[in-house]
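Hi everyone, thanks for coming. Please bring the model up on your screens, and we'll walk through it together.

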Amino acid sequence: MTEAARRGPLSTATRIGFLGDVHGDLQHVLVVARTMANRGIGRLVVLGDFGFLWPGHNWGIDVDKLSRRLASMSQTIAFVDGNHESFDLLYRFPLADDGLRWIRPNIVHIPRGYRTVLASGATLAALGGANSIDIGHRVLGRSIWAEESITEADLVALGHDHADILLGHDAPLHIPTLDANLAATDRYWPTAGLEYSAAGRAMFHRGFLQVQPKLHLGGHYHQHIDEHVRYATGHANFKTRVVILDQGGSRSAISQAILDVHTLELEYLARGGESPVR
């Protein structure tokens with residue numbers, strides 16, 4: 001890990017605000033940013049499907065507006081990539097010396113394999129990406145990009161060193177509540193989409209086992225899940241907490257959380273700051 005990565009935008013924060021999928025919803029992000037600012041949170045992270053860089057509209061206007069509003073509250077927003085990102089646009093921005101991809105001075109992409117150390121000494125790693133279950137309804141290069149998929153190179157970049165926290169978009173395998181919910185809706189998707197999505201999740205699971213985190217934070221599935229799971233396969237024998245945040249856009253969805261980097265405990269909140277319905 002480079003010294004620049006150790007001094008990354010998350011490295012000094014004692015509390016970090018997390019958001020589930022936002023899909024380019026500027027109004028939602030601004031409401032959440034204000035809520036977080038009122039609680040003293042200056043560092044925000046979107047867990048994939050940031051979606052602001054998207055072809056077919058003047059995305060730069062929304063990004064500039066978001067940047068200005070964040071600056072007025074002394075905030076920075078980071079994001080791991082999901083499956084609904086225009087990678088053609090995203091990859092126009094080069095990686096900086098700190099290993100991050102800066103879109104604006106306070107908007108930054110966290111690439112796959114990135115690692116940093118938080119103020120508590122806890123280690124954090126990132127593995128974005130996921131396979132779109134609705135691939136059959138999307139057009140390559142216009143509404144879906146091959147780069148959404150986690151690759152062998154991504155797993156190499158992630159490495160096998162332990163990380164206390166793993167940020168991603170997808171989820172590991174064997175999460176009982178998630179698996180039951182997905183099984184209940186599988187009949188609505190074609191076999192090819194199910195197989196493609198499952199292959200992407202399996203790739204993420206491999207990376208998850210490589211780092212064996214104490215806490216995983218992800219999105220993608222548009223539901224909220226918080227489960228403790230034990231894995232005992234091969235060389236992996238560990239217990240972890242898997243947290244999935246719902247998608248944004250609803251006043252009541254559990255799509256926001258604040259992480260205490262010292263305790264690794266989470267506080268859930270609705271986007272306007274009120275306690276969410278559990």
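Let me begin with a term: two strands pair if DSSP finds at least two bridges between them. Helices (H or I, at least four residues) and strands (E, at least two) are DSSP runs, numbered from the N terminus. What you see is a predicted model, in which local features need pLDDT of at least 70 and side-chain atom pairs count only at pLDDT 80 or more, while totals for chains, interfaces and linings use all residues. Residues are numbered from 1 along each chain as its sequence is written, and side-chain values use heavy atoms, with hydrogens and water left out.

Now, the sheet. Seven strands form an open sheet in the order β4-β5-β3-β2-β1-β12-β13, and the pairing is mixed. At the edges sit β4 (101-104) and β13, each pairing on one side only. From one strand to the next, the twist averages 25 degrees.

Let's look at β1. Four of its five residues are buried, where buried means under 20% relative accessible area, exposed over 50%, and partly exposed in between (1.4 Å probe, protein chains only). Which way do its neighbours run? β1 and β12 are antiparallel, joined by five bridges, and I16 has L259 in β12 as its bridge partner. β1 and β2, in contrast, run parallel, with three bridges, and here L19 stands opposite V46 in β2. To get from β1 to β2 the chain passes through α2, and this β-α-β crossover is right-handed. That term says that, with the strands pointing away from the viewer, the path from the first strand over the helix to the second runs clockwise.

Contact means heavy atoms within 4.5 Å; axes are lines fitted to C-alpha atoms, for helices over the stretch in contact, and angles run from 0 to 180 degrees between N-to-C directions.

So let's stay with α2. This helix covers residues 26-38, 13 residues in total, and reaches 18 Å from first C-alpha to last, close to the expected 18 Å. The expected span is 1.5 Å times one less than the number of residues. Which residues of α2 are buried? They are L26, H28, V29, L30, V32, A33, T35 and M36. As a reminder, an α-helix has 3.6 residues a turn, so residues three or four places apart point the same way. The cover over the buried residues of α2 includes α3 (59-72) as well as strands such as β3 (76-80). At the N-terminal end, D25 caps α2, with a side-chain oxygen 3.4 Å from the backbone nitrogen of Q27. After α2 comes G40, with a positive phi near 80 degrees.

One last stop: N131, in the loop between β7 (123-127) and α5 (152-158). Why does N131 count as buried? Because its relative accessibility is 6%. Its side chain makes a polar contact with the side chain of S149, at 2.8 Å. A polar contact is a pair of N or O atoms within 3.5 Å; within protein, one must be able to donate a hydrogen and the other to accept it, and residues adjacent in sequence count only if both atoms are side-chain atoms.
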